[in-house]
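Here's a quick briefing for anyone meeting this structure for the very first time. Have a look at the model, then read on.

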Amino acid sequence: MAEPKVLLDGLGIPESPRWHEDRLWFCNWIAREVVAVDMDGKAEVMAVREPDSHPMGYSIDWLPDGRLLVTGDKLRRQEADGELVVHADQHANEIVVDAHGNIYLNGADFDFAAGAPPEPGYIKLLTPDGRLREVAGDIAFPNGMVITPDNATLIISESFAGSLTAFDIDTDGGLSNRRVFAEGLGPDGICLDAEGAVWVSTGGNSVVRVAAGGEILQRVELAENRAPFALMLGGPDRSTLFILTAEWRQSDSVTDNLTRINTGPRTGEILALPVTVPGAGRP
């Protein structure tokens with residue numbers, strides 16, 4: 001397998017990558033920006049969050065009409081003039097929008113960055129008519145989510161459980177038939193390919209392509225102390241694996257790592273790696 005190449009560097013923590021309108025969009029945590037970058041590494045800031053907002057813990061997707069959604073203390077929507085307005089009064093971490101315009105939001109109600117003890121997380125559903133309800137609970141630190149191309153299955157990272165968990169998507173958007181997709185991982189942001197495998201981090205400095213049931217199909221090792229925070233399959237034919245990474249020292253505490261990232265050099269990078277199986281599903 002080829003070695004990953006640096007597409008863009010000098011970032012805080014790059015997160016929530018999405019392939020959209022022929023560019024990779026992502027959240028540049030710390031700088032409070034939503035950025036789009038093309039395959040030549042040319043970047044453009046597409047949205048800026050309010051200066052007093054928390055510098056981490058937000059992600060993006062789009063409504064069916066093309067308007068950008070940004071999570072955080074509330075779910076916000078970007079209007080034609082660029083202004084971010086409140087779309088729903090619900091704080092959230094990750095987001096994915098299905099083919100029907102159903103918005104899935106996840107989160108957990110404790111201050112991870114401050115080292116607070118963990119509490120069970122959730123997935124909530126916001127339907128196009130504005131109704132909000134919880135559709136899954138007891139999620140061990142919910143992170144990245146993907147939806148299969150047939151709109152039948154949602155897979156979520158349970159970071160503190162070290163597993164990927166799958167649900168059936170019911171006709172009303174609810175989630176049922178909870179089951180383990182794969183275990184023994186360190187999942188954060190994930191992406192799905194056309195063979196139904198998921199690219200996911202291991203919790204160290206590597207990422208793997210894992211099949212349902214847990215078989216590891218491929219592995220990519222990163223440099224020491226490089227943590228992969230999120231992954232996306234994009235590019236013109238969705239056959240480029242984008243690995244969003246930043247320095248993370250395994251010997252340091254979470255709070256020490258986050259303090260260094262917030263106050264020190266910007267070590268975030270986006271790596272690009274060609275793969276043979278293209279991306280599929282949402283996001």
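Predicted model: local features only at pLDDT ≥ 70, side-chain atom pairs only at ≥ 80, totals over all residues.

Residues are numbered from 1 along each chain as its sequence is written, and side-chain values use heavy atoms, with hydrogens and water left out.

- Asp22 sits in the loop between S2 and strand S3 (23-29), and its phi is positive, about 65°, although it is not a glycine.
- Ser16 also isn't a glycine and has a positive phi, near 55°; its place is in strand S2 (residues 13-20).
- Ser16 is buried, with a relative accessible area of 1%.
- Arg282 and Pro283 are joined by a cis peptide bond, with omega about 5°, and Pro283 falls in the segment after strand S24 (268-274).
- For background, most residues other than glycine have a negative phi, and most peptide bonds are trans.

**The chain as a whole**
- The protein chain has 1 helix and 24 strands (DSSP runs numbered from the N terminus: H or I of at least four residues for helices, E of at least two for strands).
- Along the principal axes, the C-alpha trace spans about 45 × 45 × 40 Å.
- Buried residues make up 57% of the 283 residues.

**Aromatic pairs**
- The whole structure holds 5 aromatic pairs (ring centres of Phe, Tyr or Trp, with its six-membered ring, within 6.5 Å; planes under 30 degrees apart are stacked, over 60 edge-to-face, the rest tilted).
- One of them is the edge-to-face pair of Trp25 and Trp62, 5.0 Å centre to centre with 85° between the planes.
- Trp25 lies in strand S3 and Trp62 in strand S6 (residues 60-62), so this pair ties together parts 37 residues apart in sequence.
- Both Trp25 and Trp62 are buried.
- Phe229 and Trp248 form an edge-to-face pair too, 5.8 Å centre to centre with 80° between the planes.

How values were computed. Buried < 20%, exposed > 50% of the residue type's maximum accessible area, 1.4 Å probe, protein only.
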